[in-house]
Amino acid sequence: MTRVLVIEDYEPFRRIVCSMLRERPDFQVVGEVSNGLEAVDKAKELAPDLILMDIGLPGLNGMEAARRIRTLFPACKIIFLTQESSVEMVEAALGLGARGYVVKIQAERDLIPAMSAVCEGGKFVSSAITGHAWPDAEGSPGIPARAAIQEARVPLTPEKVEATSSHQVQFHPDDSSFLASFIHFAEDALNAGRVLIVVATQAHRKDLFEALRARGIDCAAAAQKGRYIALEVTEMLAKFMVNNMPDPARFLRAAADLVEAIRKENGDARISACGECSPTLWAQGNGEAAVQVELLWDEIGRRYDMEIFCGYVLKRVQREQNSVYARICAAHSKVG
């Protein structure tokens, strides 16, 4: 039996993971930890065979915790279980000696196969990690118990296999600067013939609509053709937020439904989206949820070859939250 230490700061997700493992006779959960410093101490105490490790941990991030654990116990096998899905992050994790890398949105499908592969001496990298070949790592195309994640996939047409997605963010001192950036992004998208999705407050949607009309863009006509889609941010958040955190399967399902509706009406037209889901969450004091939603939007951008723009009006208290700010920046391809 493989003795497993689970290191995850988000308690509901940790509970789900532990529940999955307790259904398996070949795995024994010997401990649960919620921060990086405690993880190192618990690894010393328990000497587990396998560690499941998040990266965004309080106290000490998962990368540094893994480095310390590997120094103390080089035989201990580590699988990162995280929202982070960049090639660079996988390379860094494997460079530390981790044997596996599972993206949380594919945990239901990939976690057990990853653990089995690693326990047998192999490596495993989730298929969500694109843009690089992992010749010595297994992947599992298996079907999850719930098909929500797999159903959320809308295949790209052959001419769109070459992804040109982008995920930009800008930070602003006031509302007028924020609105100006949205106007510029929306105007460029509509003039280029792209479908525009706007997820914003009622006030911002009204101001944006009027500003675009003043610039000669007929948003009403675009809306009738399904090329201008304006959504209320609180209603969008309600589709996927559960216990103050985003549910990945619900998020991907909502995004897939939206993309499918657009493609029924506009074929393979490029899609641009601007919004303030994460900014709203951070302004409400929920920085961790804001980061996780940005990572999910990043996945959507790559999956559907979309151009995504996020705008933040930062309060003074937010400017002091350096870790949240850094993680939000890291979730974007361009910071302005």
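Trainee: How many helices and strands are there in the protein chain?
Mentor: The protein chain has 15 helices and 15 strands. Both are DSSP runs numbered from the N terminus, with helices being H or I of at least four residues and strands being E of at least two. This is a predicted model, where local features need pLDDT of at least 70 and side-chain atom pairs count only at pLDDT 80 or more, while totals for chains, interfaces and linings use all residues. Residues are numbered from 1 along each chain as its sequence is written, and side-chain values use heavy atoms, with hydrogens and water left out.

Trainee: What share of the residues count as buried?
Mentor: Of the 336 residues in the protein chain, 53% are buried. Buried means under 20% relative accessible area, exposed means over 50%, and partly exposed is in between, using a 1.4 Å probe and protein chains only.

Trainee: OK, and which residues have the most contacts inside the largest nonpolar core?
Mentor: Those are Ile51, Met53 and Phe80, in a core of 72 residues. Helix 13 (residues 287–303) gives the largest share of this core, eight residues. A nonpolar core here is a set of buried Ala, Val, Leu, Ile, Met, Phe, Trp, Tyr and Cys residues joined through side-chain atoms within 4.5 Å.

Trainee: What is Met53 in contact with, leaving aside its neighbours within four places in sequence?
Mentor: Its partners include Ile7, Gly62, Ile69, Ile78 and Phe80. Contact means heavy atoms within 4.5 Å.

Trainee: Switching to rings: how many aromatic pairs does the structure hold?
Mentor: There are ten aromatic pairs. Rings of Phe, Tyr and Trp (its six-membered ring) pair if their centres lie within 6.5 Å; planes under 30 degrees apart are stacked, over 60 edge-to-face, and the rest tilted. Phe178 and Phe182 make a tilted pair, 4.5 Å centre to centre with 35° between the planes.

Trainee: Where do Phe178 and Phe182 sit?
Mentor: Both are in helix 7 (residues 175–191), and because they are four residues apart, about one helical turn separates them. Phe178 is buried at 1% relative accessible area, and Phe182 is buried too, at 2%.

Trainee: And how are the rings of Phe251 and Trp297 arranged?
Mentor: Their centres are 5.2 Å apart and their planes are at 85°, so that pair is edge-to-face. Phe251 lies in helix 11 (residues 248–266) and Trp297 in helix 13, so the pair ties together parts 46 residues apart in sequence. Phe251 is buried, at 1% relative accessibility, and Trp297 is buried at 11%.

Trainee: Which residues form an aromatic cluster?
Mentor: Phe171, Trp282, Tyr312 and Tyr325 form one.

Trainee: Last topic: is strand 9 covered or exposed?
Mentor: Strand 9 (residues 195–200) is mostly covered, with six of its six residues buried. Val195, Ile197 and Val199 are on one side, and Leu196, Val198 and Ala200 on the other.

Trainee: What does strand 9 pair with?
Mentor: Five bridges join strand 9 to strand 13 (residues 271–275), running parallel, and Leu196 stands opposite Ser272 there. Strand 9 also pairs in the parallel sense with strand 10 (residues 228–232) over five bridges, where Val198 stands opposite Ala230. Two strands pair if DSSP finds at least two bridges between them.
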